[in-house]
Amino acid sequence: MSNESPLIQSMRTAVAAAPADVPLRLHLAELLLGEGLGEAAVAEAAVALQHAPGDAGARALMMRAMGLPAPADGKAGTAEEPEQPAAHRPSTGFDWAAAEDEVAGAVPPRFVTPAPAPGPGATAPEVPLAADGSGDPGDATAWEVDTPGSVTLADVGGMQEIKDRLEAAFLAPMRNPELGRLYGKSLRGGLLMYGPPGCGKTFIARAVAGELGASFMSVSINDVLDMWMGNSERNMHEVFETARRQAPCVLFLDEVDALGAKRSRMQHGGMRNTVNQLLTELDGVGGANEGVFVLAATNVPWDVDIALRRPGRLDRTLLVLPPDAPAREAILRYHLRDRPIESVDLGKLVKVTEDLSGADLAHVCESASERALLDSTRTGVVRMINMKDLLGAAKEVRPSTDPWFASARNVAMFANEGGMYDELLAYLKKRRKL
Ligand SMILES: Nc1ncnc2c1ncn2[C@@H]1O[C@H](COP(=O)(O)OP(=O)(O)O)[C@@H](O)[C@H]1O
Ligand SMILES: [Mg+2]
């Protein structure tokens, strides 16, 4: 290959002369990877693995070349690594864009249907998967605030109904101060998002912050709670003070159910004080909360303290359901963006992944990569991730939302106080889950 450096060319000659020399071949693979020739590196790693299937260094290299995270068991990679010169260890994984340019015209397209022009919604931004509570419980005073980010509702795939409701109930009045004054008191308090885990509550809260050009502060109530008398209240106050200092700021309170007496780890008295502290903070005195927008979330709304749900507090609810078809497409596209795929029919994949959460979809992409990787390793012939891998992976994953719907169904049917779960009931009926 003409675009390979002289060093790589002589390494190739050496490897050809000693095809069974695994360390030598891995050295070549490292060099290739270091120069962004990921696909060629995968090929060499695959041959090395044929000669030495248990070789940890070869496995680790293969994973890196395929853009997968390094093996988690910690043992792999360390023993063999001194074989590879540190200077040639690449800092990045598989450079798919470069590889794609290189083999343009020679490989099948990534997607079988032409991708739409990449608008702002075409890719989802980097957010933690299945993010639940990111604060550090050991250091309750250092509440993290993200500066205004670039995630907006355009990055949230599908879910048009949610976007419309957010726009009408929250964003429009916030954007327009006149309208805000008109709404006055009714805009106090905040919005409570609820639904099964992994379906985008945190993601949506972040997008709302982006829409408002506000900073974003995500706090799990579990991290606020402290077993020592008075500490939870103080933590709660500090959280709000931090948000006020950063205004405009969206304060996202995750796992608010942790304050519910039913799930209490503490005595009732202690929890009551913490709930009262939150109510005080929500009410704010003398416009203290100017520019602080509270969004709360829970997977178990039926455990949320009723005092929090009174008018002017977390009285408005928003049901966040498993991603609809356009949302699934956006999520899948995002998770496949850096992986070596070929002829993927997204439309078909979207159809067979109904009921899967955002987190489940990420898992499907991950395990499809593993299938392709194992196959490449076994046969020594590198191949891309294809529809068979993805469909197989999708078939194996059970919707992680199933247990949630099982509980939610009972609550919606037998404890639908004040019609709070009407929206959920309608969905359950529509999906024949009732
Ligand atoms: N509509 C959507 N568009 C793009 N990505 C989404 C969407 N819904 C969920 N996700 C992704 O799914 C994952 C889980 O979402 P998350 O907000 O953490 O769920 P929750 O807070 O409800 O448990 C995140 O990686 C998020 O990026
Ligand atoms: Mg979350």
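User: Before we start, what are the ground rules for the numbering and for the values?

Analyst: Residues are numbered from 1 along each chain as its sequence is written, and chains are lettered from A and ligands numbered from 1 in the order in which they are written. This is a predicted model in which local features need pLDDT of at least 70, side-chain atom pairs count only at pLDDT 80 or more, and totals for chains, interfaces and linings use all residues, while side-chain values use heavy atoms, with hydrogens and water left out.

User: Happy with that. In what order do the five strands of the open sheet stand?

Analyst: The order is β2-β3-β4-β1-β5, with parallel pairing. Strands here are DSSP runs of E with at least two residues, and helices are runs of H or I with at least four, both numbered from the N terminus. Two strands pair if DSSP finds at least two bridges between them.

User: Why are β2 and β5 said to stand at the edges?

Analyst: β2 (215-220) and β5 (316-319) each have a single partner strand, so one side of each is left without a neighbour in the sheet. From one strand to the next, the twist averages 25 degrees.

User: How do you know that β2 pairs with β3?

Analyst: Six bridges join β2 to β3 (residues 249-254), and the requirement is at least two. The two strands run parallel, and S218 stands opposite F252 in β3.

User: And what makes β1 and β5 partners?

Analyst: Four bridges join them, again in parallel. For M193, the bridge partner in β5 is L318.

User: What covers the faces of β5?

Analyst: Both faces are covered, with R316 and L318 buried on one side and T317 and L319 buried on the other. Buried means under 20% relative accessible area, exposed means over 50%, and partly exposed is in between (1.4 Å probe, protein chains only). Helix α6 (residues 160-175) lies across β1 (190-194), β4 (292-298) and β5, and runs at about 145 degrees to β5. That angle is taken between N-to-C directions on a scale from 0 to 180 degrees, with axes fitted to C-alpha atoms, for helices over the stretch in contact.

User: Let's turn to the rings. How many aromatic pairs are there in the whole structure?

Analyst: The search finds six. Rings of Phe, Tyr and Trp (its six-membered ring) pair if their centres lie within 6.5 Å; planes under 30 degrees apart count as stacked, over 60 as edge-to-face and the rest as tilted.

User: What makes Y194 and Y421 an edge-to-face pair?

Analyst: Their centres are 5.8 Å apart, and 85 degrees separates the planes; the limits are within 6.5 Å and over 60 degrees. Y194 is in strand β1 and Y421 in the loop between α16 (402-414) and α17 (422-430), 227 residues apart. Both residues are buried: Y194 has a relative accessible area of 0%, and Y421 has 4%.

User: Why is the pair of F405 and Y427 called stacked?

Analyst: The planes lie at 25 degrees with the ring centres 5.8 Å apart, so the pair is stacked. F405 lies in helix α16 and Y427 in helix α17, so the pair ties together parts that are 22 residues apart in sequence. F405, at 5%, is buried, and Y427 counts as buried at 12%.

User: Which polar partners does D389 have, and is D389 buried or exposed?

Analyst: D389, in helix α15 (residues 387-396), is buried at 4%. A polar contact of 2.9 Å joins the side chains of D389 and R383, and the backbone nitrogen of N386 lies 2.9 Å from a polar atom of the D389 side chain.

Methods. Contact means heavy atoms within 4.5 Å. A polar contact is a pair of N or O atoms within 3.5 Å; within protein, one must be able to donate a hydrogen and the other to accept it, and residues adjacent in sequence count only if both atoms are side-chain atoms.
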